[in-house]
Amino acid sequence: MHGLPSEGSMHDDEMMDALLRNAMTADAPRLSPGFDARVLRRVRPRRLTPIGRAVIAAYVVVAVAATLWLMRDVQTTWIVAAVAIGTPVAAAASIYGRRLAVGR
Amino acid sequence: MPPSAPADAASYANRADEWLVERCRESADDAAFAELVRRYRGPVFRLAVSILGQEFAPDAEDVAQDVMLRVHHALASFRGEAKFSSWVYRITFNQALNVKARVRYRAPHVSDQALAALPTQDRDPYDRLHNDRRQQAVLALIEDLPEVYQSALRLHYWLGESMSDIAVLLDVPENTVKSYLHRARRLLHARLAERGFDAR
C-alpha cells in the first residue's frame with residue numbers, strides 16, 4: 001500500500017536499531033554527589049561574617065576621615081562636583097559587581 | 001497571597017511544581033527551590049548529555065548547574081503560561097546548544113589503534129575491525145543529524161529513556177519522538193551506505 005514502509009525498509013530499520021544499540025553501550029554519565037549543595041550555595045545571598053563587617057566599617061571610617069582631611073583646603077564647589085560624579089559611578093560599579101557575582 | 005509554609009520541609013516533596021515556584025517567587029523559600037533542584041537535576045542533566053554527546057558528557061554537569069541558576073534568577077519573570085517543566089527543558093536545550101557550539105572543536109581524535117583495541121565478541125580480526133569502524137562511523141554520523149534527532153537517539157539508545165520521557169524532555173508528542181527516531185535511523189542507514197558500510 002502507498003505510504004506504508006516496505007518490508008525491505010522495515011528490515012533496514014530493524015538492523016539500524018540493532019546497530020545503534022550495539023554502538024551506544026558506553027556507561028551513562030551521572031551527576032556528581034555534591035551537585036545540589038553547589039547550586040544552592042550559588043543562589044543563596046552571600047552574607048559577611050562579623051569580622052568582615054567590622055573590617056568594612058573600619059575602612060569606611062578611615063576613608064571618610066582621610067578624605068575630609070585631604071579635602072580640607074578644597075573649595076565646596078569641587079567637593080560637590082566630586083560627589084556628583086563619584087556617587088553614580090560607585091552605584092553602577094556596585095550593581096555590575098553584584099550581577100557578576102550571581103552569574104547573570 | 002503567597003502559599004503558607006508547610007509544617008516540615010519533607011512535605012515539599014508532595015507539592016506540585018506550581019506551588020513550589022510560587023513559594024520561591026513570593027517568599028524566596030530556599031527549601032522550595034532545593035526541592036525543584038532535586039526534582040529536575042536528573043532530567044536536565046540527561047537532556048544536556050543527550051545534546052552534548054558522549055565526548056562532552058563532563059560539560060553537561062556545568063550546563064545543568066547553569067540551567068538551575070538561570071531558573072532561579074528568572075523565576076520572577078516566569079508567568080506560568082507554559083508548564084514549569086517545559087520552561088526548564090527549553091532553557092536546558094538552548095543552554096546545551098550554546099555550550100556545544102563552543103566545545104565541539106575540541107572533539108578527541110580516535111585512532112585506528114585505539115579502535116582495534118576495543119573489546120569485542122568477534123573472533124575474526126577483520127570482522128572486529130570492520131564492526132568497530134562501522135560503530136565509530138555511526139557515532140560520527142549521528143553528529144551530523146539535526147539536533148533533535150541526535151538528542152532523541154542518545155536519550156533512547158544510550159540513556160535508555162522511555163518514549164514518554166523523551167516526549168516530555170523534548171516537549172513534543174510521543175508519536176513525534178517515534179518519527180524522529182525512525183527518520184534518524186533512515187538517514188543514518190543512507191549515510192552509512194554512502195560510506196560503504198551496511199547495517200548488518
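Predicted model: local features only at pLDDT ≥ 70, side-chain atom pairs only at ≥ 80, totals over all residues.
Residues are numbered from 1 along each chain as its sequence is written, while chains are lettered from A and ligands numbered from 1 in the order in which they are written.

**The two chains**

Let's start with chain A, which has 4 helices and 0 strands. Helices (H or I, at least four residues) and strands (E, at least two) are DSSP runs, numbered from the N terminus. Of the 104 residues in chain A, 7% are buried. A residue is called buried if 20 or more other C-beta atoms lie within 10 Å of its own, exposed if 12 or fewer, and partly exposed in between, with C-beta atoms placed from the backbone.

How confident is the predictor about chain A? The average pLDDT there is 84, and 87% of the residues score at least 70; pLDDT is the predictor's confidence in each residue, from 0 to 100.

Chain B has 9 helices and 0 strands. Its 200 residues include 33% that count as buried. For contacts in chain B between residues at least 6 apart in sequence, 55% join residues at least 24 apart. Here, two residues are in contact if their C-beta atoms, placed from the backbone, lie within 7 Å.

**Where the chains meet**

The contact between the chains takes 27 residues from chain A and 31 residues from chain B. On the chain A side, helix H1 (7–23) and helix H2 (35–43) each supply at least two residues. H1(A) gives the most, with 10 residues. Sorted by class, that side of chain A has 15 nonpolar, 3 polar and 9 charged residues. For these classes, Ala, Val, Leu, Ile, Met, Phe, Trp, Tyr, Cys and Pro count as nonpolar, Asp, Glu, Lys and Arg as charged, and the others, Gly among them, as polar.

**Two domains in chain B**

Where they touch, 12 residues of domain 1 of chain B are in contact with 10 residues of domain 2 of chain B. H2 and helix H4 (84–103) of chain B are the elements that give two or more residues to the domain 1 side, and H2(B) gives the most, with 6 residues. That domain 1 side divides into 6 nonpolar, 4 polar and 2 charged residues.

**The core**

The largest nonpolar core has 50 residues, and those with the most contacts inside it are A:Leu20, B:Val44, B:Ala48, B:Ala64, B:Ala152 and B:Leu153. Such a core is a set of buried Ala, Val, Leu, Ile, Met, Phe, Trp, Tyr and Cys residues joined through C-beta atoms within 7 Å. Helix H2 (residues 30–52) of chain B gives the most to this core, with 12 residues. Domain 1 and domain 2 of chain B both give residues to the core, so it lies between them. Leaving aside neighbours within four places in sequence, B:Val44 is in contact with B:Ala64, B:Val67, B:Val88 and B:Thr92.

| Helix | Length | First to last C-alpha | Expected span |
|---|---|---|---|
| H3(B) | 18 residues | 26 Å | 26 Å |
| H4(B) | 20 residues | 29 Å | 28 Å |

The buried residues of H3(B) include B:Ala64 and B:Val67. They pack against H2 of chain A together with H2 and H4 of chain B. In H4(B), B:Val88 and B:Thr92 are among the buried residues, and what covers the buried residues of H4(B) includes H2, helix H3 (57–74) and H8 of chain B.

**A residue on the outside**

B:Ser164 lies in helix H8 (residues 163–170) of chain B. Is B:Ser164 buried or exposed? B:Ser164 counts as exposed, because it has 10 C-beta neighbours inside 10 Å. B:Ser164 and B:Val177 are 13 residues apart in sequence and 8.6 Å apart in space, C-alpha to C-alpha.

Terms used: Domains from an automatic or database assignment. Expected span 1.5 Å × (residues − 1).
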